[in-house]
Amino acid sequence: MKKVIITGASGMLGRALVAEFTKQSWDVLGLAYSRAEGALKKVDLRDGEAVRNVFKEFKPSVVVHAAVERKPDVVEKQEEEARKINVTATETVAKTCAELGAFLVFFSTDYVFDGTKPPYKPGDAPNPLNKYGIQKVEGEKVVQATQPNSAILRVPILYGQVEFLKESAVTVLAEALLDTSKQAKMCDYQIRFPTYTKDLAVVSRQLAEKHLQDPTIKGLFHWSSTERMTKYSMVTVIADIFGLSHDHLIANKEPPTGTPRPYNCQLDMSALEAFGIIGQRTPYRDGIKECLEPYIKK
């Protein structure tokens, strides 16, 4: 049986990955820390010895590294703590994969780009605007230097089955929609491509399986939804699905303030598709309905 370790397995993407690999008859070991429950194994990725011991005992053929501090505002304010996860732990995982001969799938972000010249191909030069993007570029370099037998998969803003609305920058939009007691500005400037974690999990599993069949399949890749949206258009779709008014939400056409964010980081996916890895793309309307139904009653 094919064996995979999934880090960050208690997170929104991690849960989707565990479900997808399990469904396809892989032997899955999910690692988590702050929310390690049930079958998940509690491991602090900042503890290099603990990581190596778990990896050596399980002997995975593939490791999918989904653990991340992904919130740009948090990374700006807690840069060194975030670096321990986004860079240092990534180096530990990559080195251990190299020692064991395990193929590594590492998730990076469209925020490695400045958003001025889309669509971006994997070989385009990164130019991150914020510390989160900078740390993910550092993570990419660490992976490339320590475990060449790897795939770096850059992805955009994600949504999925959430344990709480703030778990995704997409599902959290429902909070402002549901609170009709006050007006709220919603970004209608920055172009995003909201991508369903279920779809990304399918692509990740296909990538792992393709590599096991053909070890030349490795390197830098992009994966994304193809639906071009803003946060304002995302929330108006949610309102339409559930028959809710969005009159109290104001479309803000100005660039967001605070942590710098790129305008449009549309990703070119032709490199991945050239290997026959086409995955699936759930329409945003269908995916977000599935995710929010437990929180919004019609």
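This is a predicted model: local features need pLDDT of at least 70, side-chain atom pairs count only at pLDDT 80 or more; totals for chains, interfaces and linings use all residues.

Select Lys42 and Tyr33: the charged end of Lys42 sits over the ring of Tyr33, 5.3 Å from the ring centre.

Next, select Lys3 together with Phe58. Here the charged end of Lys3 sits over the Phe58 ring, at 4.4 Å from its centre.

The tour now turns to contacts between rings. How many aromatic pairs does a search of the whole structure find? The search returns seven. A pair of aromatic rings is described by the distance of the centres and the angle of the planes.

Select Phe21 and Trp26. These two residues form an edge-to-face aromatic pair, with 5.0 Å centre to centre and 85° between the planes. Both Phe21 and Trp26 are buried.

Move to Phe221 and Phe275. This aromatic pair is also edge-to-face, with 6.0 Å centre to centre and an angle of 75° between the planes. The pair links distant parts of the chain, its members being 54 residues apart. Phe221 belongs to strand β10 (residues 219-222), while Phe275 lies in the loop between α9 (270-273) and α10 (284-292).

Display the solvent-accessible surface for these two residues. Is Phe221 buried or exposed? Phe221 counts as buried because its relative accessibility is 3%, under the 20% cut-off. Phe275, in turn, has a relative accessible area of 33% and is therefore partly exposed.

Finally, select Tyr159, Tyr196 and Tyr284. Ring pairs link these three tyrosines into a cluster.

Conventions
Residues are numbered from 1 along each chain as its sequence is written. Side-chain values use heavy atoms; hydrogens and water are left out. Rings of Phe, Tyr and Trp (its six-membered ring) pair if their centres lie within 6.5 Å; planes under 30 degrees apart count as stacked, over 60 as edge-to-face and the rest as tilted. Buried means under 20% relative accessible area, exposed over 50%, partly exposed in between (1.4 Å probe, protein chains only). Helices (H or I, at least four residues) and strands (E, at least two) are DSSP runs, numbered from the N terminus. A charge sits over a ring if NZ of Lys or CZ of Arg is within 6 Å of the ring centre and within 35 degrees of the ring normal.
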